[in-house]
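Here is a short tour of a protein model, taken one element at a time. Have the structure open beside you as you read.

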Amino acid sequence: MTTFNDIFKSSFLENIASVSVLDMVIALILAFGLGLFIFLIYKKTYQGVMYSSSFGVTLVALTMITTVVILAVTSNVVLSLGMVGALSIVRFRTAIKEPLDIAFLFWSIAVGIVLAAGMIPLAVAGSVIIGIILLVFVNKKSHKNPYIIVISCVNHDSEVEAKRFLDSVTEKCVIKSKTVQSGTIELNMEIRLKEDNTDFVNALANMNGVNSAVLVSYNGEYMG
């Protein structure tokens, strides 16, 4: 015979103590700390056009959210199966503008998973090593980076002189496009500098027959 207590008996109440409060607090504090560390590394290594502070906050939140989810999954096998099915229908439509942003997203998720699994030394040591590597390699300046120079010339002779001058002061000079109009020749050339010095642009602009010279950095995706 079903009693009044059997009607209100629920496995939900039995799962309340499946994860101790101390474990939850420690995991969330560590997730916040490591998420903040990831955010600071992201801020130091960002090289895009417009910095988005909301993405940095998302990294902190994503680390903590992943930790909460994995804590729940590891405490209940049945729940883990249901959560896999629920998460499989989630679709994200936000475009990732910078390839490096994908690495930070996976880093945040990985830290949350490792922390919730109880591998705290791995999460801390791994984050420190990854952060140092990103700081060293992403912020490494190199004068070998490509540039695009846009030159406006008045005739063919000035075009030849400008090209000869660039060949002498740069390591590499390749014409990407050429636009010819009445009285004007516009050249777009990819160059690589011999050294971190752009004073040659001033000399180029002052040459006879050269109306203007514009130098912009170029990474293959945007100019700025």
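Helix α8, residues 156–169, lies across β1, β2, β3 and β4. Against β2 the helix runs at about 160°. Do keep in mind, as you look around, that this is a predicted model.

The four strands under discussion form an open sheet in the order β2-β3-β1-β4, with antiparallel pairing. At the edges are β2 (170–181) and β4 (210–217), each of which pairs on one side only. On average, neighbouring strands of this sheet are turned by 20° against each other, direction ignored.

The pairings can be set side by side:

| Strand pair | Sense | Bridges |
|---|---|---|
| β2 and β3 | antiparallel | 10 bridges |
| β1 and β3 | antiparallel | eight bridges |
| β1 and β4 | antiparallel | seven bridges |

Thr170 has Leu193 of β3 as its bridge partner. Ile149 faces Met189 in β3, while Ile151 stands opposite Ala213 in β4. If you follow the hairpin of β2 and β3, you will meet two residues between the strands. There, Gly183 takes a positive phi near 80°.

How enclosed is β3 by the rest of the structure? Seven of its 10 residues are buried, so β3 is largely enclosed.

Now let us turn to helix α3, which covers residues 21–45. Do its ends lie where its length says they should, or elsewhere? At 1.5 Å a residue, its 25 residues should span 36 Å, and the end C-alpha atoms are 36 Å apart, so the two values agree.

Helix α3 packs against helix α6 (residues 99–116) at an angle of about 165°, with the two axes 10 Å apart. Because angles over 145 degrees count as roughly antiparallel, α3 is roughly antiparallel to α6. The contact draws on Ala27, Leu30, Ala31, Leu34, Phe37, Ile38, Ile41, Tyr42 and Thr45 of α3. From α6 come Asp101, Phe104, Trp107, Ser108, Val111 and Leu115. The crossing of α3 past α6 is right-handed.

Which residues of α3 are buried? They are Ala27, Ala31, Leu34, Gly35, Ile38, Phe39, Ile41, Tyr42 and Thr45.

Definitions and conventions:
Residues numbered from 1 in each chain as written. Predicted model: local features only at pLDDT ≥ 70, side-chain atom pairs only at ≥ 80, totals over all residues. Heavy atoms only, no water. Expected span 1.5 Å × (residues − 1). Buried < 20%, exposed > 50% of the residue type's maximum accessible area, 1.4 Å probe, protein only. Pairing = 2+ DSSP bridges. Axes fitted to C-alpha atoms, helices over the stretch in contact; angles between N-to-C directions. Contact = heavy atoms within 4.5 Å. Parallel < 35°, antiparallel > 145°, perpendicular 65-115°, else oblique. Left-handed = near helix turned anticlockwise from the far one by under 90°.
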